[in-house]
Amino acid sequence: MQTLPGISLVDVQAVYDGPEGDLWELVMGEQIHIGGLRSSIDLADRAGIAAGSVGVDLCCCNGAGMRFLVRLRNVDHMTGVDATERVVERGRRRTGEEMLSERIDFILADATDTALPDATADFVWGEDAWCYVEDKARLIAEATRLVRPGGTLAFTDWLAGPHPMSDEEAERYLRFMKFPNVLDLGDYRALLDEAGCTVEAAEDTGHFASHVDLYLDMLNMQLTYDALKRIGFDMDLMEALGGEMGFIQQLAHDQKICQGRFVATKQ
């Protein structure tokens, strides 16, 4: 695990409470994770998410993952937890517009300390967002607490890849992304084991590099004006963000970062 001291939840909230969060959504869509709907379908299939089940989405952002699960997987009820008020309010509004509010709730809370009841969920869900959480052991423990025995933890996340980053690369990557640390497949597997879960899948999706290529092509070839509008037509900021995205693109192609998919069962 590589870490960057000084990055906290406040920094993450600042991103998603401002224009940078809007820029991520412009490029990646409502489902702000690599692979969008296809990735969600793959995760739900791999985890065996069943119709009529009840789930919790930790770090749910605007709730697009929950709306997918309720609408296309016929999950009975979802509760989303996120610590940024702006995205929670946006999620409530969009869920209402889709007439799904009776089946989806949002709570504004720290994902490592939700105050939700023990062992009442059939599954806990997460998509490319747990990378923002500093204490991942606490997060996994909370997710495990929330599911019933035999329940499922299903999530994707941004990880360190099979080829290690240098200290300088890791610092630049973590600082730009506002990640307090970055785990690899083995780190997450160990945390799931320690929490009393049986790991069914811990794998690289293989999607990272091609999707970063797509995002940069969209920004450079189609959405340049839209992106500039979201950051107040600040050309210097646009150039700086483009440089950092290019850096992430190179890390992905060098297999120094990847998207991991995990499915585990609580014993």
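How much space lies in the second largest pocket? In this predicted model, the second largest pocket holds about 250 Å³ of space. Its lining comprises 14 residues, of which Leu23, Leu219, Leu241, Gly242 and Met245 are the closest to the pocket centre. Helix 2, helix 9 (208-221) and helix 11 (235-253) each contribute at least two residues to the lining of this pocket. Divided by class, the lining of the second largest pocket consists of 10 nonpolar, three polar and one charged residues.

At least two lining residues come from each of helix 1 (9-16), helix 2 (19-28), helix 4 (64-72), strand 3 (77-82) and strand 5 (121-127). The lining of the largest pocket divides into 23 nonpolar, nine polar and nine charged residues.

One cavity of 30 Å³ or more was counted. The largest cavity has a volume of about 30 Å³, and its lining is formed by Tyr16, Gly21, Asp22, Glu25, Ile32, Cys61, Val87 and Arg90. Both helix 2 and helix 5 (85-97) supply at least two of the lining residues; helix 2 gives the most, with three. Four of the residues lining the largest cavity are nonpolar, one is polar and three are charged.

The largest nonpolar core contains 44 residues, and Tyr173, Met177 and Ile248 have the most contacts inside it. Helix 1, helix 2, strand 6 (147-160), helix 7 (167-177), helix 9, helix 10 (224-230) and helix 11 each provide at least two residues of this core. Helix 11 provides the largest share, seven residues. Beyond its neighbours within four places in sequence, Met177 is in contact with Trp24, Tyr132, Trp158 and Ile248. A separate core of 29 residues includes Leu116, Leu146, Leu153 and Leu159. In soluble globular proteins, nonpolar side chains tend to be buried together.

Helix 3 covers residues 36-47, and its 12 residues should span 16 Å at 1.5 Å a residue; the end C-alpha atoms are 17 Å apart, in agreement with that value. Buried positions in helix 3 are Gly36, Ser39, Ser40, Ile41, Leu43, Ala44 and Ala47. An α-helix has 3.6 residues a turn, so residues three or four places apart point the same way. The buried residues of helix 3 pack against helix 4, strand 5, strand 6 and strand 9 (257-266). Just after helix 3, Gly48 adopts a positive phi of about 65°.

Asp76 is located in the loop between helix 4 and strand 3. Asp76 counts as partly exposed because its relative accessibility is 42%, which falls between the 20% limit for buried and the 50% limit for exposed residues. Residues up to four places away in sequence being excluded, Asp76 touches Gly52, Ser53 and Arg103. The C-alpha atom of Asp76 is separated by 9.8 Å from that of Glu102, a residue 26 places apart from Asp76 along the chain.

Key
Residues are numbered from 1 along each chain as its sequence is written. This is a predicted model: local features need pLDDT of at least 70, side-chain atom pairs count only at pLDDT 80 or more; totals for chains, interfaces and linings use all residues. Side-chain values use heavy atoms; hydrogens and water are left out. Helices (H or I, at least four residues) and strands (E, at least two) are DSSP runs, numbered from the N terminus. Ala, Val, Leu, Ile, Met, Phe, Trp, Tyr, Cys and Pro count as nonpolar, Asp, Glu, Lys and Arg as charged, and the others, Gly among them, as polar. On a 1 Å grid over the protein atoms alone, a cavity is a set of points where a 1.4 Å probe fits but cannot get out, and a pocket is an open set with protein on both sides within 12 Å along at least five of seven lines; lining residues have an atom within 4 Å of a point. Grid points are joined across faces, edges and corners, and a volume is the space filled by probe spheres set on the points. Buried means under 20% relative accessible area, exposed over 50%, partly exposed in between (1.4 Å probe, protein chains only). Contact means heavy atoms within 4.5 Å. A nonpolar core is a set of buried Ala, Val, Leu, Ile, Met, Phe, Trp, Tyr and Cys residues joined through side-chain atoms within 4.5 Å. The expected span of a helix is 1.5 Å times one less than its number of residues.
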